[in-house]
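Let's take a walk through this model together, stopping at a handful of side chains along the way. Have the coordinates open as you read.

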Amino acid sequence: MFLRLLSDVRWRTASRSWRSTSSSRHMTTSAAEPPSISLPAQAQVVICGGGIVGTSVAYHLSKLGWKDIVLLEQGRLAAGSTRFCAGIVSTVRHLSIELKMADYSNKLYQQLEQETGIKTGVQIHERTSISHVMVQKGCVTGVETDRGQIECQYFVNCAGQWAYELGLSNEEPVSIPLHGCEHFYLLTRPLKKPLESNTPTIVDPDGRIYIRSWQGGILSGGFEKNPKPIFTEGRNQLEIQNLHEDWDHFEPLLSSLLRRMPGLEALEIMQLVNCPESFTPDMRCILGESPTVQGYFVLAGMNSAGTSFGGGAGRYLAEWMVNGCPSENVWPLDLKRFGALQSSRTFLRHRVMEVMPLIYDLKVPRWDFQTGRQLRTSPLYDRLDAQGARWMEKHGFERPKYFVPPGKDLLSLDQSKTFYKPDWFDIVGSEVKCCKEAVCVIDMSSFTKFEISSTGDQALEVLQYLFSNDLDVPVGHIVHTGMLNEEGGYENDCSIARLNKRSFFMISPTDQQVHCWAWLKKHMPNDSNLLLEDVTWKYTALNLIGPRAVDVLSELSYVPMTPEHFPSLFCKEMSVGYANGIRVMSMTHTGEPGFMLYIPIEYALHVYNELMSMGQKYGIRNAGYYALRSLRIEKFFAFWGQDLDTFTTPLECGREFRVKLDKGTDFIGRDALMQQKQDGVCKRFTMFILEDHDTDLDLWPWWGEPIYRNGHYVGKTTSSAYSYTLERHVCLGFVQNLDEETREALVVTPDFINRGEYEIDIAGQRFQAKAKLYPFSSLFTQRRRKDEMELSGYHGK
């Protein structure tokens, strides 16, 4: 069925009547099976949705060897968005994973007619509606339909426009944040000289339109600046029918079409198609397993790109279901990047009105959504905002980027959208300088915080199995560690403090809140003596960073905070000002001296006021995440979600010291790391310092730039920032050793890294770069010692 459906999508998707093509050799049952045929009593997997993504999942599951697959469609196959989509297949994508999905889909579509003899065992039932998914003990057990029940182990929600409502209708709701908008395109009658079917597709971002050939005429639509959201109150229609024409709304797009191709003015328009398309809060599709229900998978929210992604997205989800994980890092698309808070209908309605126009807008680095803001805020939000904070959003949480000093031109800073040197350059530089020479406060309340405790030794035993480092440390000690998968890749990167013999405090990146919780719950035993609690909302986290942080905290707590009395990576509950029970940790997440303060939320404002008041004589000021990014990158600190992912191991990123292979107990990923240690790594995390780059005149590196070694492509950057200490740009990224003929990945040794000549490609221009395998702090120490020796007149080697 998928072969026929995708072939039609590739060449005939705009047609009002879907052309029926025989594909009996590919299926054991007919797609047009009448409703009178009874449903099977059980299946391995039930897929809801007979559009391009649902049939893609079924097709790829079958190719991977699964036999007992049932696909249910409430109307007719391809009667939803797939029927009315514009059928444009594009491989030009912003994210690497999206590009890979689109490239795979494009190649798959081209080979469909050559693919023969595939028997799937897939059963397709049309005119069958699912009322809800049955769940017991957090696992899928079956589905309830208008034609009876089907027991199953896995369920796949590919319901498109209906995915949101279907997710909420379950016995245990699954949050799937997407929302529909009207999407318009027009169809014309054939030109006097009909266009060939292979006429190139035209995309005009300035005019916000696309144009392609269609049955000798053209099909043209676009993404307007004022989209019309629909179905906010939910919907019950079985199939998507054409919505009402709205020529007034489409007029700006029509004007753009005629400006681009004025010869089309006399063309006869056959129809203006108005159909709903579903969009997600961040313009990326939703793929993956539910964090709350095991066996419940989702593939939806294609953002009007179902044709481009359908084949690849279905493949990765099928791999996930069959193998336990996909063959590529799909975290940017993972359902668990969202929380339930992003499923508010009001939030979604407002956000998609912003998202849809962005499809054809130029996306500059570090741009922020403007809708759905101030959803999650620290108790200090108003105080920081009044002091000039400029905000960014992460997982719905407001975080300060930097602080505008009094007298600065606020308008220009709010509009500093550029690929070049930004207007906030000097502001962030002054914050970094203060962090290095005095003391700054950074509100880091958004970080994910869990407490794991037990009545006996269960908490320690479970954490020893789940984490790669040794957590059997004295009370009060902090351990940096990773939560790995079976292949040794990072599922999470975190810090864990041992509060007492039976209780641990875990700190993870902001966007790990849902993913980390789901991973822990999935792998922890159902032991009544074991307690996992999300305490993110209970604590305000302040990063007191800089060499004078010791002085500020010593005066407020009346206890010595020097390294002799409060060693590095140590945690202690103490009083700060009038507030007690403050968890103070001697770490900063940047490598600079200082402390993290985890403050019970009711004390947050008091402690902040005390810090700012006491710190005045030490030059204290507020700082934001842009300064934090600069500091951590120049210290060669990798960050999960940017540098680290599920395919990156500790041995590949220089974190062997955070792994204890001999801690006396097995842990997830240990066997893979043992094997990798024996075989060697095929990629290595590396720091690059740009040497011939003009910060004022040249385009900046932001992330994703190609890395060249001796003229050959070896990888790409994952993070970059300007180092105000080195006065150079610093990029982080992975280097591979690819065989020049076979492109096979070979072992990467330190010698291989050190003996190469490197360049970073920024928008087509290559800049020389110096590669380093050791932290920037070591480099800076060497440079400072050299400067000191030169100033003292020492000229020895």
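Predicted model: local features only at pLDDT ≥ 70, side-chain atom pairs only at ≥ 80, totals over all residues.

Residues are numbered from 1 along each chain as its sequence is written, and side-chain values use heavy atoms, leaving out hydrogens and water.

Let's begin with Arg498, which sits in strand β21, residues 490-500 (helices, H or I of at least four residues, and strands, E of at least two, are DSSP runs numbered from the N terminus). Arg498 counts as buried because its relative accessibility is 8%; buried means under 20% relative accessible area, exposed over 50%, and partly exposed in between, with a 1.4 Å probe and protein chains only. A polar atom of the Arg498 side chain lies 2.9 Å from the backbone oxygen of Lys501. Leaving aside residues up to four places away in sequence, Arg498 touches several others, including Leu460, Asp472, His477 and Phe504 (contact means heavy atoms within 4.5 Å).

A salt bridge is a side-chain nitrogen of Lys or Arg within 4 Å of a carboxyl oxygen of Asp or Glu, and a search of the whole structure finds 33 of them.

Another bridge joins Asp551 and Arg548, with closest N and O atoms 2.6 Å apart. Asp551 is partly exposed, with a relative accessible area of 27%, and Arg548 is partly exposed too, at 33%.

Next comes Ser723, in strand β31, residues 712-723. Ser723 counts as buried because its relative accessibility is 1%. A polar atom of its side chain lies 3.0 Å from the backbone nitrogen of Leu726. The C-alpha atoms of Ser723 and Ile689 are separated by 9.2 Å, the two residues being 34 apart along the chain.

Finally, look at Phe419, in the loop between α10 (410-414) and α11 (425-437). Phe419 counts as partly exposed because its relative accessibility is 31%.

How values were computed. Polar contact = N/O pair within 3.5 Å; in protein donor to acceptor, adjacent residues only side chain to side chain.
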